[in-house]
Amino acid sequence: MESRLYPERLPTRPETAVFVSGVTSMGLEILAGRILAPEFGNSIYTWGGIIGVFLAALSLGYHRGGKRAATNASHSRLVAVFLVTALYVAGVVLLGDLVVRSTGVLPLPSEFASLPAITLLFGPPTYLLGYVSPYAAELAGGDVGATAGHVYAVGTVGSIVGAFATTYLLVPLLSVPQIGLVLGLSAVVAAVVVAAPGLTGTSGLRVGVVALALVAAAATGGVGPSVAGDAVYSTQTPYQELRVVDRGDTRTLYLDGQPHSAMDLDDPTRHVFDYTRYFHAPLLLTDDVDRVLFVGGGGFTGPRIFHETYPNVTVDVVELDPAVVDAADRYFGIPDSPRMNVHTGGGRQFLEETNRTYDLIVLDAYRKDSVPFQLTTVEFMRLASDRLDEDGVLLANLISAPSGPASEFYRAEYKTMQQVFPHVYSFPTAGGPVVQNIEMVATKSDSLVTREELQARNERRDIGVDLAPELASYRRDEPTDDVPVLRDDRAPVDSLLDGMVGQRYVRVRANASENTSDTTPPAAAAD
């Protein structure tokens, strides 16, 4: 039996076991967010489910492990716990995507939709890791209170290390399968340390088999549907999984598995999807546009089109994720021009810190399943209005439905904008009550512009694109009595998005008569 745990000497086998269990459990918790995001988003429901399932599994493991520790605790059993955990992690790496997509179709309310996948993938290994602390405390011996306190302190230190290492090292540098490999191998290493010096041929063979299974799973990269096309580039960023994929003459940027920007390789200034044509509509609502700010860069196709179409316009772009900027520059081409200025950081923070004003601000950072609430509130709209010139215009690219149960977020945002701007216009891009891109345009001018006047201006002005078909979807005076004004202290964006779960998202291709629709919940493209 191990002697009492003392920090002044080298870590004992129980200490090592507890420390590694903390590292592994917290690493798996952060990894869970990456695995679940493409199907369920990064909403508060997803993260609340992850935290809840992990705590429940650990609690059950502590309880069952504590009851068994007095009679069953042994180094061999700790070795078994770590090896089975590592083997399960190999299964998560190999089958995680398949499980997530399979459980995603279950008929559950949206706020609970991620729970089956979280429970199946991460409940068992976390439950097993819960056995480690009570087993280690029993093996350490000594005074019960002092030993238990030290065991849980070491485990907490392991969790801290796992949280920081996974967040700041593993996620930015490795893919999801590779992160799973590292976490699984950490459990294997713990098994080796706990088994030493009695690592026999049989136990050594078991360790080798589990390690081989982890390597094979990571090399396979997971079983499940993949994005059609030729993968040009892929990486994990601190914020999301990023992939660039070519399919035919179209290059697409995928973030967390969802399309976020598209470019025609033969004609980079062509609009791939029709909704990006609406980005030009603000030029019909103000007389002079010299400087434009895009909040959200994506593949920079929208900013690039503005830069090429309007030679007198300076375009500023603020993008949160530096890796997205790098990928856009390498694979989509950010113009090297004094009229194109790129800033990395949060859109709201940028507007708070700049003293520059703009003729047009384009909000293109919303997704169908994940919306940064701080860019939706009345306080943010006031900030944006302050950074617009007297005749400035704000355009927000939303994904929602214009009416029906899936329209709550759109109508709440419409109501919020009305608190700040004299007039708010909206342009659904696909027609009907389906989930689609809706372009919302807010003006600081007190003068109302009718549909007929917009069409007349479209005929008179040369803005580089004929918007006659797009302007026909003009809407205003939306019903908003049943939706809240979004505020910094209360912006229930996640619940407002619930009505869109499971709804078909319709995107209309530019210069095409047919719709391109997806049954999965893709992100708002940032073209």
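1. Positive patch. R64, K67, R68 and R77 gather on the surface in a patch of positive charge. This is a predicted model. Helix α2, residues 44-72, supplies the largest share of the patch, 3 residues. R77 is found in another element, helix α3, which spans residues 75-103.

2. Salt bridges. The structure holds 14 of them. One pairs R277 with E470, and their closest N and O atoms are 2.8 Å apart. R277 lies in the loop between β4 and β5 (291-295), and E470 in helix α15 (residues 468-471), so this pair ties together parts that are 193 residues apart in sequence. The cut-off for a salt bridge is a nitrogen-oxygen distance within 4 Å.

3. Sheet layout. An open sheet is formed by 4 strands, with antiparallel pairing. The order is β1-β2-β3-β4. Its edge strands are β1 (230-236) and β4 (258-264), and each of these pairs on one side only. From one strand to the next, the twist averages 15°.

4. The β3-β4 pair. Strand β3 covers residues 250-255 and pairs with β4 over 6 bridges, in the antiparallel sense.

5. Linking the points. Strand β4 is an edge strand of the sheet. The loop between β4 and β5 holds R277, the partner of E470.

Key:
Residues are numbered from 1 along each chain as its sequence is written. This is a predicted model: local features need pLDDT of at least 70, side-chain atom pairs count only at pLDDT 80 or more; totals for chains, interfaces and linings use all residues. Side-chain values use heavy atoms; hydrogens and water are left out. Two strands pair if DSSP finds at least two bridges between them. Helices (H or I, at least four residues) and strands (E, at least two) are DSSP runs, numbered from the N terminus. Axes are lines fitted to C-alpha atoms, for helices over the stretch in contact, and angles run from 0 to 180 degrees between N-to-C directions. Patches are made of residues with over 30% relative accessible area and no salt bridge: like charges are joined within 9 Å, nonpolar side chains (Val, Leu, Ile, Met, Phe, Trp, Tyr) within 5 Å. Accessible areas come from the Shrake-Rupley method with a 1.4 Å probe; for residues, only the protein chains shown count as cover. A salt bridge is a side-chain nitrogen of Lys or Arg within 4 Å of a carboxyl oxygen of Asp or Glu. Lys and Arg count as positive and Asp and Glu as negative; His and the chain ends are not counted. The place of a charge is taken as NZ of Lys, CZ of Arg, CG of Asp or CD of Glu.
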